[in-house]
Amino acid sequence: MSSLQLKRARSAQNPQLRRRLILVAAVIGALAVALGITLYVLIQNNQRLSQGRAQIESGILSDLTMIVRTYDAMKEPKADIAGQVLPEISKHIYSAYSQDNVLMDLHGKGASILGNELYTKINGAIETMERQIKADRIIDATSNELTQYVAQIQRILEARMGQGNSMTWLGGAGV
């Protein structure tokens, strides 16, 4: 019996150590819970960011598709180039460019789909065509430039959507 009393006496001698161990275990448990909550919130934010990026990219591709379709309408004999086609292309290129800038601000320059250079070239060609139409001059050279830029847009669309599906999604024969 003396050995049994000795064990009890030893365990009762150091209650501070036991309390410290319980405290350390509680702190570790609280940190584990906090880490789990933090990871959950980070994963949710990352998913929202990915969804937002996909929506922006979809908007850009939609605008680029509308540019190609509108350009195709320019080839029709009764097309109102100055009054309808060029303003429509201008509207969609501006929309795509604005969304592209948001994408670059959020994800860096590598996320750009359209780019500044192509936007500037298309805008310049549209402005030149509008001036030439107002001055009753021939727009063939500028129209050829715009054709090249629309072909670049079509290549962007094909690269983004895959070679097999791009033309069916665009709904046209292309440039």
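Helices here are DSSP runs of H or I with at least four residues, numbered from the N terminus. Keep that in mind as we work through this predicted model.

**Exercise 1.** Find the order of the elements in the protein chain, from the N terminus on.

*Solution.* Start with the count: the chain has 6 helices and 0 strands. Reading from the N terminus, the order is then α-α-α-α-α-α. For an overall view, 29% of the 175 residues count as buried.

**Exercise 2.** Work out which residues of α4 are buried and what they pack against.

*Solution.* Buried means under 20% relative accessible area. In α4, Leu118, Tyr119, Ile122, Asn123, Ala125, Ile126, Met129 and Gln132 are buried. Next, follow their packing: the buried residues of α4 lie against α2 (15-74), α3 (81-107) and α5 (140-161).

**Exercise 3.** Classify the aromatic pair of Tyr97 and Tyr119.

*Solution.* The structure holds 1 aromatic pair. Tyr97 and Tyr119 sit 3.8 Å centre to centre with 5° between the planes, and this pair is stacked. Planes under 30 degrees apart count as stacked. Tyr97 belongs to helix α3 and Tyr119 to helix α4, so the pair ties together parts 22 residues apart in sequence. Finally, both Tyr97 and Tyr119 are buried.

Methods. Residues numbered from 1 in each chain as written. Predicted model: local features only at pLDDT ≥ 70, side-chain atom pairs only at ≥ 80, totals over all residues. Heavy atoms only, no water. Buried < 20%, exposed > 50% of the residue type's maximum accessible area, 1.4 Å probe, protein only. Helix = DSSP H or I, 4+ residues; strand = E, 2+ residues; numbered from the N terminus. Contact = heavy atoms within 4.5 Å. Phe/Tyr/Trp six-rings, centres within 6.5 Å; stacked < 30°, edge-to-face > 60°.
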